[in-house]
Amino acid sequence: MQLERLQLDLRPRPHWQAIDLGLALLRRSAGTAYAAWLALWLPLLALTALLGWFFPEEAGWLWLPAWWLRPLLERVVIYVLSRAVFDQQVSWREALRAWPRQLGGGWFRLLTWWRPFMPGRGLYQPIWQLEQARGKFAADRRRVLGRDGTGAAAYWFGLVCAHFEVVLQLGLISLIGVFTSSPEAVNPLWMFFDNEAAQSPWLVQLGVLSYGVSIAVIGPIYTACCFTLYLNRRAALEAWDIELMLRRLAAQPKSQPKSAARAPRQAGWLLPLLLGLTLLQPEPARAAEGQCEPPEESVAYLKERKPPHDVAQQQLRARLDRVYADDDLRGYRCQETWVLKNKGEEKKPEDKRRSQVQAPPWLAELVRVLLIALAVGLVGWLLYRYRDQLAELLPRRGGKPLPAEIAGLDIRPESLPDDVPGQVLQLWRADERRAALALLYRATLSRLAHRHGVELARGATEGDCLRQAERAHGSQRIDAAVLALVRSVTRQWLDGAYALRWPADEAVEAACAAWRDAFGAAP
């Protein structure tokens, strides 16, 4: 691996930063990655759509092959991004030609028990594809890479991507449903509740299209972010940042300035002084030179480390141990300090017995129950003590306040004349048609709200009021005659006020007669 050709600033990062790095990597190679991805995904999606057209009754199972084979398609994106990381640009045609050779290793696991239960599979795909690991070595690599929360991060990121896919699918279906639903009642998902539309092949094609678009967008994003999680974990395990720094230091020119050649002659008189200071240095100073015992954590880590798999790994570990032996990278520092004389002595027997005395578990549970009971009793006492003040703050008992205005129409009973049908006919014969129908309509709403208790909101439309009247008829608060009158008056008002289609004189006279029979002349 040519680390000096890395195009990413790889260093140990938090998981969310590693995921964000994947988005940046995908943006840099988006054209090639998405072209290679779509070149494999679109034919599989077209096959699904073709099967759905001829077998619409099996629509619930047709998308299963495309979903099942998706992990194998993700490897073409890994191929493109793994080359882009090392500044090796490939075309999408080259990626497609190389894709069949990338399928070896892990494919059986990915297509069987891992497929439905492993949303974090993208973290482990490079182990089979890039490292060419197999068998027990691949299992060890998966365990190492999944530690320190990296496996959990990939798992939850996979679940988040799955939710984003569902959101995109529902969004596309709802967008089409908004423009194809009835204008009277806009329902984005109307086709799922319509029997004829639910059996149509076009609905199957709409489901395939929405699923294909969501996977086409989210698939490379999921693969790229899991790939950078993999790189971030390897950078933390193998200290790539330190190795790159050492390689840069080794590549620097080793030139000695001319003044350095004269330094020994000019500083020759300092040698006796330095020698004397060295001899006078106290014995405990050797602790500052790294002669002290390492801490228990470092010793335990070396004991738990597994033996190397081959000679190359053994040499790499030896090099890393020499690098970490430096004072700046060792993780601990030897330093003399003052401590108490009795700090390391054992406790007295009576102190040990005193420290070993523990309270029984039931005592803690009893204290917890008593505290909860005390808190509940205190709240109850406060509510009883200040019940009068609380009663003033609570709303008064009573029904919901009756509306005074609906959609700009005044429906208060005092705003209506005593003889509503007579006044309506008088306005109609005086050629004030709009005023006549408005009076008849708002008088009808006034009777529904104030006499029959139909709940009408202030911002309700004519359709909302009619639906509330139908619900009131269903609950037997109004009879069939009143409901028929409401429908007739609402239709006349809508036709005249919004379409200028005025009803005939006989229809208005019949509505007034029905209004008088239903509600009477006086309130």
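**Before you start**

This is a predicted model: local features need pLDDT of at least 70, side-chain atom pairs count only at pLDDT 80 or more, and totals for chains, interfaces and linings use all residues. Residues are numbered from 1 along each chain as its sequence is written, and side-chain values use heavy atoms, with hydrogens and water left out.

**Whole chain**

Show the protein chain as a cartoon. It has 27 helices and two strands. Both are DSSP runs, numbered from the N terminus: helices are H or I with at least four residues, strands are E with at least two. Of the 523 residues, 33% count as buried. Buried means under 20% relative accessible area, exposed over 50%, and partly exposed in between (1.4 Å probe, protein chains only).

**Helix α23**

Select residues 420-429, which form α23. Its buried residues are Val420, Pro421, Val424, Leu425, Leu427 and Trp428. They lie on the same side of α23, because they cover an arc of only 165 degrees around the axis. That arc is taken from the directions from the helix axis to the C-beta atoms. Now look at the other side of α23: Gln426 and Arg429 are exposed there.

Check the ends. At the start of α23, a side-chain oxygen of Asp419 comes within 3.3 Å of the backbone nitrogen of Gly422. After α23 comes Asp431, with a positive phi near 65 degrees.

**The cores**

Select Trp41 and Phe227. They have the most contacts inside the largest nonpolar core, which has 58 residues. Such a core is a set of buried Ala, Val, Leu, Ile, Met, Phe, Trp, Tyr and Cys residues joined through side-chain atoms within 4.5 Å. Helix α13 (residues 201-238) gives the most to this core, with 14 residues. Zoom in on Phe227. Leaving aside neighbours within four places in sequence, Phe227 contacts Leu25, Ile78, Leu81, Ser82, Val85, Pro126 and Leu130.

Another core, of 38 residues, lies apart from the largest one. Select Ile411, Leu437, Ala469 and Trp515, which are among its residues.

Select Cys161 and Cys225. The Cys161 sulfur is 6.7 Å from its closest cysteine sulfur, in Cys225, so it is too far for a bond. Cys161 is buried at 5% relative accessibility, and Cys225 is buried at 1%.

Notes. Disulfide = S-S within 2.5 Å. Polar contact = N/O pair within 3.5 Å; in protein donor to acceptor, adjacent residues only side chain to side chain. Contact = heavy atoms within 4.5 Å.
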